[in-house]
Amino acid sequence: MERLEAFASRFIEGWSARLFGAKLQPVQIGKRLIRAMESHQTISLSKTFVPNSYVVSLSPTDFAQFEQYRRSLEQDLSEAILGAARDRNYTLLAFPTVEIERDEDLSAGDLRVSCALVDASGEEVEPDAKTLGAVAGGHTMVLDREKLLREKPRVPKASLVIREGEDRREMALGPEPLAIGRDPQNDIVLDDRRVSRKHSEIRVRLGRYTLYDLQSTNGTYVNGRRVAEIVLSNGDRIAIGGVELLFRTAE
């Protein structure tokens, strides 16, 4: 019955948006995130664990609507999840994160939410009571809003080795998105006419580093193949213009 109600709710929301041309509102995204949290509970001993890593997929039209303030919206939605989890006495393994992405297959008004349990090290945790048994024994992060807001989520240790001709440098990756392009405001600035001003970006998604091409003119290549987005693995070679970037993770 719960699955049927959830399906009906999603169908009606999408149908009414298409019929009346209503714009998707942030509150609708927030409600869908909270529903996803509530429907993915894992009970272990005296604790109820819920996902803390979320990806919201939007249609190109809806994504464009939020693109200018996407970062602040993602933060607001993360805090909404944190508050909802606290109110329901749920346990989070780490500070909740929300990522909004564009999905060409979705229609205006539709959205899709993916979620996962990710621990403080950035590794995805299997959502079962056996796996979480040791965590529930005393190693779970306390669900304290102020404490969690002060702490940034930890992620797997990784870096990019950047090779431009004879030059070679290495940059550590962290929880914040890393922008690559010709524009001086990027984190990695590439002085190459084949590189777009805002060419690509690396972000943490569900505990792993994911590379996104930002609709660049000449494309982003990983191991010789042009990609729109891809989860990076140790040793992947990223080609942007005439520059090669090597993705490396800690042993």
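Predicted model: local features only at pLDDT ≥ 70, side-chain atom pairs only at ≥ 80, totals over all residues.
This report walks through the salt bridges and one β-sheet of the structure above.

Residues are numbered from 1 along each chain as its sequence is written, and side-chain values use heavy atoms, with hydrogens and water left out.

**Salt bridges**

A salt bridge here is a side-chain nitrogen of Lys or Arg within 4 Å of a carboxyl oxygen of Asp or Glu. By that rule the count is 14.

| Pair | N to O distance |
|---|---|
| arginine 88 – glutamate 38 | 2.6 Å |
| arginine 203 – glutamate 74 | 2.9 Å |
| glutamate 244 – arginine 237 | 3.0 Å |

Take the salt bridge between arginine 88 and glutamate 38 to begin with. It links distant parts of the chain, 50 residues apart: arginine 88 is in the loop between α4 (70–87) and β4 (97–102), while glutamate 38 is in helix α2 (residues 26–38). Helices (H or I, at least four residues) and strands (E, at least two) are DSSP runs, numbered from the N terminus.

For exposure, buried means under 20% relative accessible area, exposed means over 50%, and partly exposed is in between (1.4 Å probe, protein chains only). Arginine 88 counts as partly exposed because its relative accessibility is 34%, and glutamate 38 is partly exposed at 32%.

Now for arginine 203 and glutamate 74, whose side chains meet in a salt bridge. Arginine 203 lies in strand β10 (residues 200–205) and glutamate 74 in helix α4, so this pair ties together parts that are 129 residues apart in sequence. Arginine 203 is buried at 8% relative accessibility, and glutamate 74 is buried at 4%.

Glutamate 244 forms a salt bridge with arginine 237. Glutamate 244 is partly exposed, at 27%, and arginine 237 is partly exposed, at 38%. Elsewhere, salt bridges that share partners join Arg70, Arg71, Glu74, Glu201 and Arg203 into one network.

**The open sheet**

Six strands form an open sheet with antiparallel pairing, in the order β7-β6-β16-β15-β12-β13. Its edge strands, β7 (167–172) and β13 (225–227), each pair on one side only. Two strands pair if DSSP finds at least two bridges between them; strand β6 (residues 158–164) and β7 have six, in the antiparallel sense. Within that pairing, leucine 160 has methionine 171 in β7 as its bridge partner.
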